[in-house]
Amino acid sequence: DVVGAPAPHADAEICAMFCAAIEASGVAREDFIIRVSDRQAMAGLLEVAGLAGDECREQRLITLRAMDKLDRLGEEGVRYLLGMGRNDESGDFTPGAKLTQTQADIVMAFMAATAGSNGDTCTALQDIIGTSEAGRAGIETLTQMAGTLEMLGFDEARIKIDSSIVRGLDYYTGPVFEADLTFEVLDEKDRPIQFGSIGGGGRYDDLVARFKGIQVPAVGCSIGVSRLLAALAARAGASEVPRGPVVVLALESDQMGCYQQMAAELRAADIRAEVYVGGSGMKAQMKYADKRNAPVTVICGEDERRAGEVTIKDLILGEQLSKQITDNKQWREDQPAQFVVKRDGLVKAVQETLARHSSVSPA
């Protein structure tokens with residue numbers, strides 16, 4: 001965030017920093033794009049379309065929501081939502097904004113104004129909303145941002161003015177931007193998909209005034225880290241997803257201190273480890289370990305505790321063997337992926353188990 005600086009130069013700097021942060025995460029510059037629009041330009045559109053008055057508040061909100069669905073529904077779907085409404089694939093009906101044909105045409109022309117160059121886009125917007133004072137102010141801001149960004153080496157392939165961008169939060173007052181990944185990954189059914197937006201932001205000059213009564217210009221952005229990491233992991237492939245921590249199961253609620261001690265000993269040996277802290281049984285805890293992509297679980301129930309032992313379950317080997325063994329009896333008899341060691345041999349046993357798998361680092 002940059003607080004205290006008005007548009008457009010701080011906004012251009014935020015967009016440049018946005019690009020740098022995404023590239024630093026490991027995304028190649030050709031695999032994402034920052035798309036920029038402006039709330040003043042949007043206000044100009046609503047004014048030109050006759051939707052600026054208080055009496056049009058509901059139509060205005062529905063219109064903005066419809067515009068925000070262009071990527072998902074396409075032009076035809078958005079037109080239905082600008083009109084009387086549409087039925088989705090399940091048959092549910094979504095009421096529309098009930099705009100006239102002329103009003104809908106203006107909105108659609110605004111969203112279609114994005115051209116090959118940022119300069120051409122601003123020229124196209126001028127033809128659509130140039131009669132509005134707010135519209136002209138928004139276009140001027142976008143024009144200045146585009147000039148600054150071009151001097152910094154950011155052309156339309158990296159940061160593009162896109163009039164279809166509609167940020168959902170109503171406190172934005174000027175430029176708004178979204179970061180979209182452009183590469184495809186495969187979903188669980190091996191269908192190609194795009195992750196789309198992984199972050200966004202914009203100018204929020206009125207937000208500080210809501211809390212302190214002082215007008216302070218501000219602009220900022222944020223990245224959805226979990227979404228970005230999920231996209232990178234999906235692109236790398238499931239086999240390359242980093243392994244999670246060793247999970248110590250918590251089978252006796254009055255022994256949590258002992259379980260935490262086990263995890264502490266593993267961490268002291270540079271092994272990532274955590275204790276299950278939920279209230280579920282063993283089956284759910286094993287599911288949790290699978291979800292965490294744990295390489296090993298440590299099991300110490302009443303029997304193990306009384307014997308001064310722990311059970312080590314090698315989840316990597318277990319997964320490999322489960323693909324080879326189809327006989328349940330054989331599986332129960334062999335269980336080579338599960339073994340018992342003395343309690344004081346916990347750390348060494350886990351280290352040796354992790355070392356057997358070259359793709360898994362013990363640290």
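This is a predicted model: local features need pLDDT of at least 70, side-chain atom pairs count only at pLDDT 80 or more; totals for chains, interfaces and linings use all residues.
N293 belongs to the loop between α11 (282-291) and β11 (296-299). With a relative accessible area of 24%, N293 is partly exposed. Such backbone values deserve mention because most residues other than glycine have a negative phi.

The peptide bond joining A7 and P8 is cis, with omega at about 10°. P8 is located in the loop between β1 (2-3) and α1.

## Helix α1

Helix α1 comprises 16 residues and spans 23 Å from its first C-alpha to its last, which is close to the 22 Å expected at 1.5 Å a residue. The buried residues of this helix are A10, D11, A12, I14, C15, A16, F18, C19 and I22. In an α-helix there are 3.6 residues a turn, so residues three or four places apart point the same way. After α1 comes G26, which has a positive phi near 115°.

D11 is a charged residue within helix α1. Its relative accessible area is 0%, and D11 is therefore buried. Leaving aside residues up to four places away in sequence, D11 touches P6, M145, P175, R203 and V219.

## Nonpolar Cores

The largest nonpolar core contains 60 residues, and those with the most contacts inside it are I34, M67 and F177. The greatest contribution to this core is made by helix α1 (residues 9-24), which supplies 8 residues. Another core, of 21 residues, lies apart from it; V248, A250, V347 and L354 are among its members.

Which residues does M67 touch, not counting those up to four places away in sequence? The partners of M67 are M42, L45, V107, F110, M111, S164 and V166.

## Packing of α6 Against α7

Two packed helices are described by the angle between their axes and the distance between the axes. For helix α6 (residues 118-129) and helix α7 (residues 133-151), the axes come within 10 Å and cross at roughly 175°. The helices α6 and α7 are therefore roughly antiparallel to each other, since angles over 145 degrees are classed in this way.

On the α6 side, the contact is made by N118, C122, L125, Q126 and I129. On the α7 side, it is made by G135, R136, I139, L142, T143 and A146. Sorted by class, the contact of α6 with α7 has 6 nonpolar, 4 polar and 1 charged residues.

T297 is part of strand β11. Is T297 buried or exposed? Its relative accessible area is 0%, so T297 is buried. The contacts of T297, not counting residues up to four places away in sequence, are with V247, L249, M286, A289, T311, I312, K313 and L315.

Notes: Residues are numbered from 1 along each chain as its sequence is written. Side-chain values use heavy atoms; hydrogens and water are left out. A nonpolar core is a set of buried Ala, Val, Leu, Ile, Met, Phe, Trp, Tyr and Cys residues joined through side-chain atoms within 4.5 Å. Buried means under 20% relative accessible area, exposed over 50%, partly exposed in between (1.4 Å probe, protein chains only). Helices (H or I, at least four residues) and strands (E, at least two) are DSSP runs, numbered from the N terminus. Contact means heavy atoms within 4.5 Å. The expected span of a helix is 1.5 Å times one less than its number of residues. Axes are lines fitted to C-alpha atoms, for helices over the stretch in contact, and angles run from 0 to 180 degrees between N-to-C directions. Angles under 35 degrees count as roughly parallel, over 145 as roughly antiparallel, 65 to 115 as roughly perpendicular and the rest as oblique.
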